[in-house]
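Here is a short briefing on one protein model. Look over the sequence and the structure first, then work through the points below.

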Amino acid sequence: DLNELDSRMRPIVFEFLARLTEAKIPVLIVTTSRTLEEQAAAVARGVSWTMKSKHLPQPPENRSLAIDIVPYSTYQIAGEDKLQWNESDPVWQQIGAIGRKLNLKWGVTINGVHKDLGHFEYVPLF
C-alpha cells in the first residue's frame with residue numbers, strides 16, 4: 001500500500017515507479033510497511049536482517065521509509081513464477097541505478113556482499 005509510505009518517501013517512490021515504467025521494467029510492489037510481528041517473521045525467514053527495518057513505522061509520521069519490489073520476467077511462458085528473483089539478472093542493475101539516481105539506498109551490504117536488491121530506502125538530504 002503506497003499510502004503506508006511516509007510523505008517524504010511517497011513522491012520519490014512515484015518517480016521511481018514512473019522511471020521504471022519509462023525503462024520498460026515492470027515491477028511488483030512486494031512490501032511497503034510491516035508490523036513488528038511481520039518484521040520478526042521476515043528476519044526468521046532470512047529475507048530481512050534487522051529488527052530496525054525502515055519498513056517499520058518511522059517517526060514523525062509513523063509510516064514506512066522503505067519499499068521492496070521485484071521485476072517481472074519478460075516473455076516467460078505461463079506455468080512458472082513470473083517474478084525475477086534471480087539477482088544475477090542484469091535487470092537488477094538497471095533498477096538499482098534508477099533508484100540510486102533518486103537518492104534511494106539500494107539493498108543492504110552484509111559482510112561485503114550486496115544483497116536484497118529489491119529493497120529501497122529513503123535517504124535524508126542534509
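Does L117 count as buried or exposed? At 4% relative accessibility, L117 counts as buried. Buried means under 20% relative accessible area, exposed means over 50%, and partly exposed lies in between (1.4 Å probe, protein chains only).

This is a predicted model, in which local features need pLDDT of at least 70 and side-chain atom pairs count only at pLDDT 80 or more, while totals for chains, interfaces and linings use all residues. Residues are numbered from 1 along each chain as its sequence is written, and side-chain values use heavy atoms, with hydrogens and water left out.

**L117 and its surroundings**

- L117 sits in strand β4. Helices (H or I, at least four residues) and strands (E, at least two) are DSSP runs, numbered from the N terminus.
- Not counting residues up to four places away in sequence, L117 touches E87, W92 and W106. Contact here means heavy atoms within 4.5 Å.
- L117 and V43 are 74 residues apart in sequence. In space, their C-alpha atoms are 16 Å apart.

- Strand β3 (residues 105–110) and strand β4 (residues 113–121) run antiparallel, joined by five bridges. Two strands pair if DSSP finds at least two bridges between them.
- W106 stands opposite F120 in β4.
- The hairpin of β3 and β4 has two residues between the strands.
- N111 lies in the loop between β3 and β4. Its phi is near 50°, a positive value in a residue other than glycine.
- N111 is exposed, with a relative accessible area of 77%.
- In a regular strand the side chains alternate between the two faces of the sheet.

**Q84 in its loop**

- Q84 lies in the loop between β2 (66–71) and α3 (91–101).
- Q84 is buried, at a relative accessible area of 16%.
- The side chains of Q84 and D89 are joined by a polar contact of 3.0 Å. A polar contact is a pair of N or O atoms within 3.5 Å; within protein, one must be able to donate a hydrogen and the other to accept it, and residues adjacent in sequence count only if both atoms are side-chain atoms.
- A polar atom of the Q84 side chain also lies 3.0 Å from the backbone nitrogen of N86.
- Leaving aside neighbours within four places in sequence, Q84 is in contact with several residues, including V70, P71 and W92.

**Salt bridges**

- Side chains of opposite charge can pair when their charged atoms come close.
- How many salt bridges does a search of the whole structure find? The search finds four. A salt bridge is a side-chain nitrogen of Lys or Arg within 4 Å of a carboxyl oxygen of Asp or Glu.
- R63 forms a salt bridge with E4, with the closest N and O atoms 4.0 Å apart. R63 lies in the loop between α2 (36–45) and β2 and E4 in the segment before α1 (10–22), so the pair ties together parts that are 59 residues apart in sequence.
- R63 is partly exposed, at 29% relative accessible area. E4 is also partly exposed, with a relative accessible area of 29%.
- D6 pairs with R8 in a salt bridge, the closest N and O atoms being 2.8 Å apart. D6 is buried at 0% relative accessibility, whereas R8 is partly exposed at 32%.
- E15 forms a salt bridge with R19, and the closest N and O atoms are 2.7 Å apart. The two residues are four apart in helix α1, so about one helical turn separates E15 and R19.
- E15 counts as partly exposed at 35% relative accessibility, and R19 counts as partly exposed at 31%.

**Backbone details**

- The peptide bond from P59 to P60 is cis, with omega near 5°. P60 is in the loop between α2 and β2.
- K24 is not a glycine, yet K24 has a positive phi of about 60°.
- K24 lies in the loop between α1 and β1. K24 is exposed, with a relative accessible area of 71%.
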